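Dear colleague,

I am passing on the model we spoke about, and I would be glad if you could look through it alongside the notes that follow.

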Amino acid sequence: MAKQGTNGDDAKTVQAVDRALFILETLADAGEPITITEIAQKTNLTLGTAHRLLYTMIQRGFVEQNTENSKYRLGIKAFQVGNAAIYFKDLRSIARPVMEELQQKYNETVNLATLDDSEVVYIDQVESTNMVLVRMFARTGNRGPAYCTGSGKVLLSALPQDKLENLVYNMNLKKFSNETITDPELLLKELIRVKRDGYGLDLGERDEEVRCVAAPINNYEGKVIAALSISGPSIRITTPFIKNELVDAVKNAANKISIQLGYNGK
């Protein structure tokens, strides 16, 4: 059920946004197209205010108006936003047990990340309980340049070649450490390797003392929609440990999540 409309008394509330969201809730609750008069009555808005807000939301695709009876209903954009929220909830709920299993096996921090343009966004994390910890950039809710992280490389490598090249050549390849790749040609070469081998590495490129191994998570369409990674201090995440243990472990864990998302390996 939609909430009662606000009068903008809360100093932190943006009245126009609050009213627009109330209209969306009202349309969702109605379950069928309704008139502007009904919307105004249910939201305690004047017809003029309701009309202005509806017009804006129609322009953005959140609301549609039937040309025959002038009634209003939710638009495709509202569906897309709601569907995305469900999708990320499902992704995290499916990935979480696998992440916990991986963390418990190695007691290193396990991350779940997605890509937003040229930035990696961390959407979940299971932290290590090891006594020896290092300060890591990767934290749930954090975002940063994708080119210098294991997860970011995995996600970038899945992009179409033309889009990938355009991103890489227009990135500000800032140097965070001596290991950071700042040459576009070398970065593209590394991303080709990541795509071919199915895993990405960050050997102190973003945080000098931190190493990371990441692998792609695919959805039912075979599209890479997230990356799973395990990270920790270089004193524990050694080169032999990465090659002999972590690469296969992370790839297998990511594949387990992919299968639960409907991926069939094709």
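Which residue stands opposite serine 229 in strand 8? In this model, which is predicted, that place is taken by asparagine 111. The two strands concerned, strand 3 (residues 109–116) and strand 8, pair in the antiparallel sense, with five bridges between them.

Strand 8 also runs antiparallel to strand 7 (residues 210–218), to which it is joined by nine bridges, and here proline 216 stands opposite alanine 227. Five residues lie between the strands in the hairpin that strand 7 and strand 8 form, and in that hairpin glycine 222 takes a positive phi near 85°. Of the ten residues of strand 8 (residues 224–233), nine are buried, so the strand is largely enclosed by the rest of the structure.

Turning to the nonpolar cores, the largest has 31 residues, and those with the most contacts inside it are Leu91, Leu102, Ile217, Leu228 and Ile257. Two or more residues come from each of helix 4 (76–106), strand 3, strand 4 (119–126), strand 7, strand 8 and helix 8 (239–260), with helix 8 giving the most, namely eight residues. If neighbours within four places in sequence are left aside, leucine 91 is in contact with Leu112, Ile123, Ile217, Ile225, Ala226, Ile257 and Leu261. Apart from this core lies another, of 22 residues, which includes Ala113, Tyr147, Leu173 and Val194.

With best regards

Note on methods
Residues numbered from 1 in each chain as written. Predicted model: local features only at pLDDT ≥ 70, side-chain atom pairs only at ≥ 80, totals over all residues. Heavy atoms only, no water. Buried < 20%, exposed > 50% of the residue type's maximum accessible area, 1.4 Å probe, protein only. Helix = DSSP H or I, 4+ residues; strand = E, 2+ residues; numbered from the N terminus. Pairing = 2+ DSSP bridges. Core = buried A, V, L, I, M, F, W, Y, C linked by side-chain atoms within 4.5 Å. Contact = heavy atoms within 4.5 Å.
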